[in-house]
Amino acid sequence: MITHKKLPNGFEYIEVKNRAAEAKIAMQGAHLFHYARADEEPLLWLSEVSDFKLGKAIRGGVPLCWPWFGFNEDKSLPQHGFARISMWEFVCGKEIDEKTSSVTFRLSCNAETLKMWSYRFELKLHVVISDKLVMELKTTNIDDREFKITQALHTYFKVSHISHVNIEGLDKKPYLDALTYKNELQKGDITFNEEVDRVYQEVDGEIVLRDKNREIHIKNQGSSSVVVWNPWIEKTKRMSAMNEDAYEQMLCIESANAFDDVRVLESGDSHTLVAAVF
Ligand code: TA6
């Protein structure tokens, strides 16, 4: 079933339910904020104190960072771009079979976006919901000049406890440490005992998030960069819409085009960033 719903404060979202899984995607930001397989714990983390307010990104789920990842040189512009705080259009929903549904959202350039980024574009998010979650973010340049984008499917995963998890698949990959701005090389699996904010480069294979009682696989396409982030104790205190101990239950593994992995789109070109989670 695909239903258009509203929270008591009027915040709108699309709810998808089928025999294999359920998901909720907000009209603001085409922000997927819930995904769970039937009879399983949610895969995605959502802050207990997240605001569902217009103009503010939801804390958790999958914020869409676009058309830039991180800060803009112009500090008056929003961190991680405007897509996650813009109102999207719901294009269509399909029930493919009993266990598979898909939904498509669109963001087109408009007077507001042109003030922040002067290019004409069309952005589409296509999500397939089954026992696997597949997200495809397609950018089309409908301007008459080239543009450059950085972006991310900034996925927050729910974990049993941050000290129980490790990430496989990034061994020997170079990364930019966003805390020190130094280039480093990953040795072995990633474990967590302090703040981590890294942009891994040259990523091609599958990534596995291993937790106490489950493992989550992430396979990206149209991307060679992956951001791994946990704010740890002190940064969490400074973050909006997060409880002080929230860093223990979450971890971001972001399917990205970031740092050196900038994508240049000529007039008429498209680029699709895909993340499959299973
Ligand atoms: O992807 C990691 C990161 O860029 C961190 O540096 C971090 O602070 C963050 O994303 C969350 O950003 P936000 O703007 O959602 O508070």
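The model is predicted, so local features need pLDDT of at least 70 and side-chain atom pairs count only at pLDDT 80 or more, while totals for chains, interfaces and linings use all residues. Residues are numbered from 1 along each chain as its sequence is written, and side-chain values use heavy atoms, with hydrogens and water left out.

Begin by selecting the ligand together with the residues that surround it, among them Arg59, Phe69, Gln79, Trp229, Met239 and Glu254, where a residue belongs if one of its heavy atoms lies within 4 Å. This shell divides into four nonpolar, three polar and five charged residues.

Next, select Arg84, which has a polar side-chain atom 2.8 Å from an oxygen atom of the ligand, and then His154, where the corresponding distance to a ligand oxygen is 3.0 Å. Taken alone the ligand exposes 400 Å², of which the protein buries 85%, with areas from the Shrake-Rupley method and a 1.4 Å probe.

Now turn to the salt bridges, each a side-chain nitrogen of Lys or Arg within 4 Å of a carboxyl oxygen of Asp or Glu; the structure holds 16 of them. Select Arg210 and Glu168, whose side chains meet at 2.5 Å, N to O, and finally Asp51 and Lys53, which meet at 4.0 Å, N to O.

Terms used. Polar contact = N/O pair within 3.5 Å; in protein donor to acceptor, adjacent residues only side chain to side chain. Nonpolar A, V, L, I, M, F, W, Y, C, P; charged D, E, K, R; others polar.
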